[in-house]
Amino acid sequence: MATQFMRVIEAVANPDDLIAATAAMTDQLGFQYFALTHHVDVVAASGSAIRLHNYPARWADYYDRNALGVSDPVHRASHMTNVGFPWSRISQMIPMTRQDHRVLALGRMQGIGDGFTVPAHVPGEARGSCSFANEAGRPIPHEMLPLAQLAGMFAFEGARRIWSIRGGQQVTLRPMLTDRQRDCVLWVARGKSDWEISLILGVGEETVARHIKQACERYGVNKRTYLVILTLFDGTLTFSDIFRRRYYPFPE
């Protein structure tokens, strides 16, 4: 069945075909609803963000008007893992606010009960996911969840391919830092000043400032904070680099 899903998704050429294929796949998995989406304000994104689903129209309209794609607790929980998870585990994955509980309750009132979400994390792109759900009171098919994990991955990758074709996007080269520039940006991310970085790396303070300035130019920004965010976003740096991993600077 997994091979069948993969071949069907590879064959689709437009959003309508992908909706039909994913809906059929969803039914075979024992779910009623699916949602392929980037975790953004889809209204503000004006069609550039992936957003395909067969959720009840009233709930989908409310969800999009209130930009819940950004704050949805299901989406936030998906940022904490690389594997699919049932929604019953969300409170174990993230701190749940009163608003989070309200959003889930509103979804149940509109016919969306329990579900299973497969995260989609691609460096340099907005985070996304593929969710499968059933109406309130209908249990999710736990025996099918391993297959749902694969199906969700195939479906989201199919959406990425179609969105790229539809938007006429070409593969773009991401900014590339030199090893020394990356060293300097890493220590900026760790809260060090240019003077402190110069002592750590054994170079002049002006050299450090120049490396950081050049890194900013490569990313097209003029703020160090934004530079750090973008390097985390595209995988140049990771949180483990900043907080946990022992780091040996690249020699001059």
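**Figure 1. Y33 and Y55, a buried pair in the predicted model.** Y33 is buried, and Y55 is buried too. The model shown here and in the other views is predicted. A search of the whole structure turns up four aromatic pairs. In one of them, the ring centres of Y33 and Y55 lie 6.0 Å apart with the planes at 85 degrees, so this pair is edge-to-face. Y33 sits in strand β1, while Y55 belongs to the loop between β2 (51-53) and α4 (57-65), so the pair ties together parts that are 22 residues apart in sequence.

**Figure 2. Aromatic residues of helix α4.** W59 and Y63 make an edge-to-face aromatic pair. Their ring centres are 5.9 Å apart, with 70 degrees between the planes. Both residues lie in helix α4. They are four residues apart, about one turn of the helix. W59 and Y63 are both buried. Together with Y62, they form one aromatic cluster.

**Figure 3. The largest nonpolar core.** This core has 28 residues. L18, L29, F31, L36 and F132 have the most contacts inside it. At least two core residues come from each of α1 (2-11), α2 (15-29), β1 (33-38), β4 (115-120), β5 (128-133) and α9 (145-166). Helix α9 gives the most, with nine residues. In soluble globular proteins, nonpolar side chains tend to be buried together.

**Figure 4. The surroundings of L29.** Which residues does L29 touch, leaving out those up to four places away in sequence? They are F5, F132, P141, M144, L147, A148 and A151. Among them, F132 is also one of the residues with the most contacts inside the largest core. A second, separate core has 20 residues, including L186, V203, A215 and Y219.

**Figure 5. Helix α12 and its cover.** Helix α12 spans residues 205-219, 15 residues in all. From its first C-alpha to its last it reaches 22 Å, close to the 21 Å expected at 1.5 Å a residue. Its buried residues are T207, V208, H211, I212, A215, C216 and Y219. What covers them includes α10 (179-189), α11 (194-201) and α13 (224-233). G220 follows the helix. The phi of G220 is positive, near 70 degrees.

**Figure 6. D194 in helix α11.** D194 lies in helix α11. Is D194 buried or exposed? Its relative accessibility is 14%, under the 20% cut-off, so D194 counts as buried. Residues up to four places away in sequence aside, D194 touches E205, V208, A209, I212 and R224. Of these, V208 and I212 are among the buried residues of α12.

**Figure 7. R190 over W187.** The charged end of R190 sits over the ring of W187. The distance to the ring centre is 4.6 Å.

**Figure 8. The two domains and the whole chain.** The domain assignment gives domain 1 (1-167) and domain 2 (179-243). Their centres, taken over C-alpha atoms, are separated by 35 Å. The protein has 14 helices and five strands. Its C-alpha atoms fill a box of roughly 65 × 40 × 35 Å along the principal axes. Of the 252 residues, 45% are buried. Among contacts between residues at least 6 apart in sequence, 64% join residues at least 24 apart.

Notes: Residues are numbered from 1 along each chain as its sequence is written. This is a predicted model: local features need pLDDT of at least 70, side-chain atom pairs count only at pLDDT 80 or more; totals for chains, interfaces and linings use all residues. Side-chain values use heavy atoms; hydrogens and water are left out. A nonpolar core is a set of buried Ala, Val, Leu, Ile, Met, Phe, Trp, Tyr and Cys residues joined through side-chain atoms within 4.5 Å. Buried means under 20% relative accessible area, exposed over 50%, partly exposed in between (1.4 Å probe, protein chains only). Contact means heavy atoms within 4.5 Å. The expected span of a helix is 1.5 Å times one less than its number of residues. Rings of Phe, Tyr and Trp (its six-membered ring) pair if their centres lie within 6.5 Å; planes under 30 degrees apart count as stacked, over 60 as edge-to-face and the rest as tilted. A charge sits over a ring if NZ of Lys or CZ of Arg is within 6 Å of the ring centre and within 35 degrees of the ring normal. Domain bounds come from an automatic or database domain assignment.
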